[in-house]
Amino acid sequence: LACGRGEYAVGLGEMFPEKNFIGIDIKGNRMYLGAKKALDNNLHNVRFLRTQIEMLPDYFAKDEVDEIWITFPDPQIKYKRTKHRLTHPNLLDAYKSVLKPEGLVHLKTDSEFLFGYTLGIVSQIGKIEYAHHNIYNNSDAPEVATAVQTFYENQFLEEKKAITYMKFTL
């Protein structure tokens with residue numbers, strides 16, 4: 001979700017050719033690079049959808065989605081922007097409606113604020129499967145969380161910023 005340049009959709013598509021991946025973003029020009037790379041590399045398991053995240057239940061059936069990845073979203077720190085956070089309870093409800101039972105949600109971000117906010121929300125309505133404040137400084141970080149880096153993630157790593165990651169069910 002909010003796939004940006006599509007690095008995660010393409011990267012996971014390359015890692016898991018037996019699974020399908022759909023990068024979703026509202027801005028088509030962002031997705032162009034990922035879509036082009038998927039086409040150039042004949043990744044028939046990677047697609048892109050231009051829509052608003054709130055519309056997810058209009059595109060996917062109940063229990064259709066195995067996992068959701070949210071990588072480096074805008075943390076929407078201002079209070080008046082709370083409802084736009086991709087881990088706001090209203091959006092988590094939308095995700096739950098399309099996720100299979102025990103389906104996973106992954107959040108990877110440089111924002112300690114968003115990480116803490118999400119940890120608090122999910123601890124009330126779901127189950128945290130894994131959470132760490134600095135996955136690149138942690139020997140038990142899941143490989144899938146470190147195997148693919150986004151454009152922004154690479155910038156943050158160069159700046160020595162901690163990258164947080166959590167995996168949870170709703």
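**Entry 1: strands β5 and β6**

I looked up how β5 and β6 are joined, and found five bridges between these antiparallel strands. Strands, like helices, are DSSP runs numbered from the N terminus; a strand (E) has at least two residues and a helix (H or I) at least four. Two strands pair if DSSP finds at least two bridges between them.

The model is predicted, with local features requiring pLDDT of at least 70 and side-chain atom pairs counting only at pLDDT 80 or more, while totals for chains, interfaces and linings use all residues. Residues are numbered from 1 along each chain as its sequence is written, and side-chain values use heavy atoms, with hydrogens and water left out.

**Entry 2: the sheet around them**

I then traced the open sheet of four strands, and its order is β3-β4-β6-β5 with mixed pairing. Its edge strands are β3 and β5 (127-132), each of which pairs on one side only. On average, neighbouring strands of this sheet are turned by 10 degrees against each other, direction ignored. Helix α5 packs on the sheet and touches β4, β5 and β6. The direction of α5 makes about 20 degrees with that of β6. For such angles, axes are lines fitted to C-alpha atoms, for helices over the stretch in contact, and the values run from 0 to 180 degrees between N-to-C directions.

**Entry 3: two residues of the sheet**

I looked up T169, which is placed in strand β6. T169 counts as buried at 6% relative accessibility. Buried means under 20% relative accessible area, exposed over 50%, and partly exposed in between, with a 1.4 Å probe and protein chains only. Leaving aside neighbours within four places in sequence, T169 is in contact with E102, G103, L104, V122, G126, K127 and E129. Contact means heavy atoms within 4.5 Å.

At 63% relative accessibility, P101 counts as exposed. P101 and D63 are 38 residues apart in sequence, and their C-alpha atoms are 6.8 Å apart in space.

**Entry 4: β1 and β2**

I next examined β1 (residues 21-25), where four of the five residues are buried, so this strand is largely enclosed by the rest of the structure. Strands β1 and β2 (residues 46-50) pair in the parallel sense over five bridges. F48 in β2 is the bridge partner of G23. Together with helix α2 (residues 28-40), β1 and β2 make a right-handed β-α-β unit. A crossover is right-handed if, with the strands pointing away from the viewer, the path from the first strand over the helix to the second runs clockwise.

I followed the chain to T51, in the loop between β2 and α3 (56-59). T51 is buried, with a relative accessible area of 7%. Leaving aside neighbours within four places in sequence, T51 is in contact with I24, D25, I26 and Y59.

**Entry 5: the nonpolar cores**

I asked which residues touch the most other members of the largest nonpolar core. They are L1, I53, L56, I68, I70 and Y95, in a core of 23 residues. Such a core is a set of buried Ala, Val, Leu, Ile, Met, Phe, Trp, Tyr and Cys residues joined through side-chain atoms within 4.5 Å. The elements giving two or more residues to this core are β3 (65-71), α4 (89-98), β4 (99-109), α5 (112-125) and β6 (164-169). Helix α5 supplies the largest share, five residues. Apart from this core lies another, of 13 residues, including L12, F72, F156 and I163.

**Entry 6: aromatic pairs**

I searched the whole structure for aromatic pairs and recorded six. Rings of Phe, Tyr and Trp (its six-membered ring) pair if their centres lie within 6.5 Å; planes under 30 degrees apart count as stacked, over 60 as edge-to-face and the rest as tilted. F72 and F156 form a tilted pair, at 5.8 Å centre to centre and 40 degrees between the planes. This pair links distant parts of the chain, 84 residues apart: F72 is in the loop between β3 and α4, and F156 is in helix α7 (residues 151-158). F72 is buried at 12% relative accessibility, and F156 is buried at 15%.

The rings of F151 and Y152 have centres 5.2 Å apart and planes at 80 degrees, so this pair is edge-to-face. F151 is partly exposed at 33% relative accessibility, and Y152 is partly exposed at 43%. Finally, I noted one aromatic cluster, formed by Y8, W69, Y130 and Y165.
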